[in-house]
Protein chains: 2
Amino acid sequence: MTKQRKVILEELRKHGSHPTADQIFEKVRKRLPRISLGTIYRNLDLLVSEGLIRRLRGDYPQMRFDPRTDEHYHITCLNCGRIEDAPVEPLHDPIKNLENVVGHLTKYGVFGHKLEFVGFCSECLKKGVAKGLSPEAKEMAS
Amino acid sequence: MTKQRKVILEELRKHGSHPTADQIFEKVRKRLPRISLGTIYRNLDLLVSEGLIRRLRGDYPQMRFDPRTDEHYHITCLNCGRIEDAPVEPLHDPIKNLENVVGHLTKYGVFGHKLEFVGFCSECLKKGVAKGLSPEAKEMAS
DNA sequence: TTGAGTGCAAAACATTTGCACTGAT
DNA sequence: ATCAGTGCAAATGTTTTGCACTCAA
């Protein structure tokens, strides 16, 4: 656990959301001005393989990083890319059951699932982002 | 609907899985040798906004394209990136209910969800990919 | 004839990597 | 003194874009 890795972990944990590598870079840079983006990526990779954080990919082009490692769901704003933890408990029983069915039918070894809710965050709603979207468009966006 | 767009749509529909733009490019190229990758991307974008196909992003670095536009789930192999349709019906009632709860608590306007099962496909299992993975590692991978 | 759409090449962007150097042990 | 880890810069891989040209209506 080098000084850099420690600061990266701290800044991710206090970020409160699910930042990109670049957003973490900007925060860490304020404390370690000479750190490079390569070091950010290398340490995030390390932290992921140590199981201290998680890497997320979903309906957005960049990787996001998550300080929580317990199973939980996310909700993504399709307009601004904001990601928040979904404040609900995982739907364990019905979905684990589906995992078994899917594993059996596809011959995959299934060991998990990801559930992502999609919509528009309250700020984007205020800006009227969803106004012009028909139900079809909304479905498309998802 | 130009000739290029038509061929791209046809090749996606007969692909049988969830190809990347580049995989579609290779197929289309056999029929339209002078087509460019830019045209592939532009037409896939158009087809997505027309609601004729879907763009997927999940636990893999590249965009994937899906000829199906009805709501359904996917299962991804974390080793080789293969994506298949999950052969189960969407868990409508319990998850739509969760959408309402999440929307209420987060103030998001929620209009959909994505469920992705993760695991290893049968071919990767045969290769022994999962052998060395502890339950923790599997969880991490997810 | 004309402009929506194309082909091509360059740009943009996120992420990874090679390498010489540094600093904690 | 050593070498795991860093900083830097270049490379990589995917997706987007500017621009001149083409071809179907």
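Helices (H or I, at least four residues) and strands (E, at least two) are DSSP runs, numbered from the N terminus. The model is predicted: local features need pLDDT of at least 70, side-chain atom pairs count only at pLDDT 80 or more, and totals for chains, interfaces and linings use all residues. Residues are numbered from 1 along each chain as its sequence is written, chains are lettered from A and ligands numbered from 1 in the order in which they are written, and side-chain values use heavy atoms, with hydrogens and water left out.

1. Elements at DNA strand D. Helix 1 (3–15) and helix 3 of chain A, together with helix 3 and strand 2 (60–66) of chain B, each supply at least two residues of the surface near DNA strand D, where a residue is near if one of its heavy atoms lies within 4 Å of the strand. Helix 3 of chain B gives the most, with 4 residues.

2. Residues at DNA strand D. There are 15 residues around DNA strand D, and Thr2(A), Arg34(A), Tyr41(B), Gln62(B) and Met63(B) come nearest. By class, this surface has 4 nonpolar, 7 polar and 4 charged residues; Ala, Val, Leu, Ile, Met, Phe, Trp, Tyr, Cys and Pro count as nonpolar, Asp, Glu, Lys and Arg as charged, and the others, Gly among them, as polar.

3. Atoms of DNA strand D. Sugar or phosphate accounts for 76% of the atoms of DNA strand D within 4 Å of the protein, and bases for the rest. A base oxygen of DNA strand D is 3.2 Å from a side-chain N or O atom of Arg42(B).

4. DNA strand C. Helix 3 of chain A supplies the largest share of the surface, 4 residues. Of the atoms of DNA strand C within 4 Å of the protein, 78% belong to sugar or phosphate. Phosphate oxygens of DNA strand C lie 3.0 Å from a side-chain N or O atom of Thr39(B), 3.4 Å from a backbone N or O atom of Ser36(B) and 3.4 Å from a polar side-chain atom of Asn43(B).

5. Extent of the protein interface. Chain B and chain A each bring 52 residues to the contact, which means heavy atoms within 4.5 Å. About 4,300 Å² is buried between the two chains, 68% of it on carbon and sulfur atoms; buried area is the accessible area (1.4 Å probe) that two parts lose on being put together, summed over both. Within chain B, Tyr108(B), Phe111(B) and Lys114(B) lose the most area to chain A, together 19% of what that side buries.

6. Salt bridges. The rule finds 2 salt bridges across the interface of chain B and chain A, each requiring a side-chain nitrogen of Lys or Arg within 4 Å of a carboxyl oxygen of Asp or Glu. Lys114(B) forms a salt bridge with Asp59(A), with the closest N and O atoms 2.4 Å apart. Strand 5 (residues 109–120) of chain B gives the most to the side of chain B that touches chain A, with 12 residues. That side divides into 28 nonpolar, 12 polar and 12 charged residues.

7. Strand pairing. Strand 5 (residues 109–120) of chain A is joined to strand 5 of chain B by 11 bridges, and the two run antiparallel; strands pair if DSSP finds at least two bridges between them. The bridge partner of Val118(A) in strand 5 of chain B is Gly112(B).

Notes: A polar contact is a pair of N or O atoms within 3.5 Å; within protein, one must be able to donate a hydrogen and the other to accept it, and residues adjacent in sequence count only if both atoms are side-chain atoms.
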